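Dear colleague,

Please find the structure below for your records. My notes on selected features follow it.

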Amino acid sequence: MSDRTNLPPNDLRAFWMPFTANRQFKKNPRMFVAADKMHYTTSDGRQVLDGTAGLWCCNAGHNQPRIVEAIQKQAAELDYAPAFQMGHPKAFELANRLVDLAPDGLDHVFYTNSGSESVETALKIAIAYHRARGEGARTRLIGRERGYHGVNFGGISVGGIVTNRKHFGSLLNGVDHMPHTHLPDQNAYTRGQPEHGGDLADELERIVTLHDASTIAAVIVEPLAGSTGVLVPPKGYLDRLRAITKKHGILLIFDEVITGFGRLGAPFAADYYGVTPDMITTAKGLTNGVIPMGAVLTSADIHDAFMTGPENMIELFHGYTYSGNPMASAAGLATLETYKEDGIFQNAANLSGYWEDALHALKGLPHVIDIRNTGLIGAIELESIEGAPTKRAFQAFLDAYDAGILIRTTGDIIALSPPLIISKAEIDELIGKLADVLKNLD
Ligand code: PLP
């Protein structure tokens with residue numbers, strides 16, 4: 001055992017940081033100590049403009065008074081209530097508000113604590129749903145190359161990001177993948193939805209022919225793929241997926257952990273693209289990122305298929321100690337109220353054209369090979385350094401932090417997703433500083 005009295009103050013060794021280059025970070029740490037609206041404060045007293053809404057989650061910006069107050073009040077009133085066989089009012093109230101916000105036809109809410117747990121929950125519900133209806137052979141799950149569905153075993157199995165999969169064994173059985181829709185040769189510098197690639201949805205027909213529909217439970221996709229570097233769905237693609245899944249009795253799950261709660265200027269991507277799935281997975285913006293919480297929205301058909309048998313029996317053997325916990329429920333209610341009262345989704349919709357123009361003005365800067373956008377999401381793809389993928393974008397991230405803006409990178413793609421309260425002046429600042437970073441990048 002180490003002698004703790006010998007540890008220097010502020011020792012950074014114990015915390016094994018998630019999705020982080022730990023050794024690089026600990027040599028030169030980047031610490032936030034406060035946040036308000038669009039800005040973080042660093043431990044050395046600098047202001048950093050938040051170009052990523054934390055991790056795609058603080059859609060209403062930071063330190064929102066309604067949310068802060070709701071959490072403080074809730075902690076003193078009811079800190080925790082058992083999630084199984086007991087209830088508390090705010091979890092029910094939040095579920096009703098979520099159903100009000102959700103696309104028509106999604107009428108029930110199952111609470112989780114994160115996006116990853118929402119994904120596991122939706123996949124399990126899909127398989128159990130078919131079994132409850134007497135179609136127990138429908139166990140196969142279909143994801144997509146480059147998909148990100150969190151980091152638990154179900155999520156990495158249906159996901160399609162190789163680094164998130166290859167270290168972790170054989171994953172779930174009975175999973176197949178559709179091809180991704182990134183076609184830079186045809187679609188580079190598209191504003192909004194690309195023209196080419198809608199027909200890639202027909203690959204699902206090929207997969208159905210291979211396995212037979214009677215073995216397939218669900219298809220899960222991000223309607224707009226975020227974490228892989230912002231892949232906007234080609235025109236017609238999502239409608240086609242909906243038509244094929246419906247035709248074969250396969251459930252369609254939209255993973256809206258990033259796109260939910262106004263990111264595209266509508267409550268959900270399902271609303272934005274006019275395609276309603278059978279389930280939507282959410283987290284992040286549900287509580288403005290402040291308290292961990294996720295939720296799976298399901299159709300009445302799915303929910304009702306479980307409501308059979310003796311009434312004293314548990315219908316779904318699934319749930320978490322913190323499902324719908326009081327603090328998260330209070331934060332969720334205050335967040336939804338903030339979105340509504342402050343017109344935050346509308347602000348995102350109103351600014352999306354300005355955002356698009358600002359982003360695409362980066363075309364022609366060194367190393368830039370593609371720019372993509374929708375709502376208040378943007379991506380700038382950089383040419384990789386030969387033999388050193390990710391290095392160039394990571395350097396851009398470090399330089400951006402020094403320049404006072406927080407960006408996010410994945411591979412050699414810079415992804416931007418600011419809080420939806422951003423102003424035109426702040427868009428100018430974010431993109432202007434990023435332009436300077438790109439101009440000086442090796
Ligand atoms: N699904 C999608 C589409 C996501 O983007 C993410 C996180 O970025 C997740 C799932 C996982 O969410 P969490 O990190 O809360 O587990």
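This is a predicted model, in which local features need pLDDT of at least 70 and side-chain atom pairs count only at pLDDT 80 or more, while totals for chains, interfaces and linings use all residues. Residues are numbered from 1 along each chain as its sequence is written.

The axes of helix 14 (residues 344-360) and helix 16 (residues 424-439) cross at roughly 20° and come within 10 Å. Helices here are DSSP runs (H or I, at least four residues), numbered from the N terminus. Axes are lines fitted to C-alpha atoms over the stretch in contact, with angles from 0 to 180 degrees between N-to-C directions. Helix 14 is therefore roughly parallel to helix 16 (angles under 35 degrees). To this contact helix 14 contributes L351, Y354, W355, A358 and L359, and helix 16 contributes K424, I427, D428 and I431 (C-beta atoms, placed from the backbone, within 7 Å).

Two further positions may be of interest. Q85 lies in the loop between helix 3 (65-77) and helix 4 (89-101). Q85 is exposed because 6 other C-beta atoms lie within 10 Å (exposed means 12 or fewer; buried, 20 or more; partly exposed, in between; C-beta atoms are placed from the backbone). Its C-alpha atom is separated by 45 Å from that of K26, 59 residues apart along the chain.

A75 belongs to helix 3. With 13 other C-beta atoms within 10 Å, A75 is partly exposed. The C-alpha atoms of A75 and F19, 56 residues apart along the chain, are separated by 30 Å.

Notes. Helix = DSSP H or I, 4+ residues; strand = E, 2+ residues; numbered from the N terminus. Parallel < 35°, antiparallel > 145°, perpendicular 65-115°, else oblique. Contact = placed C-beta atoms within 7 Å.
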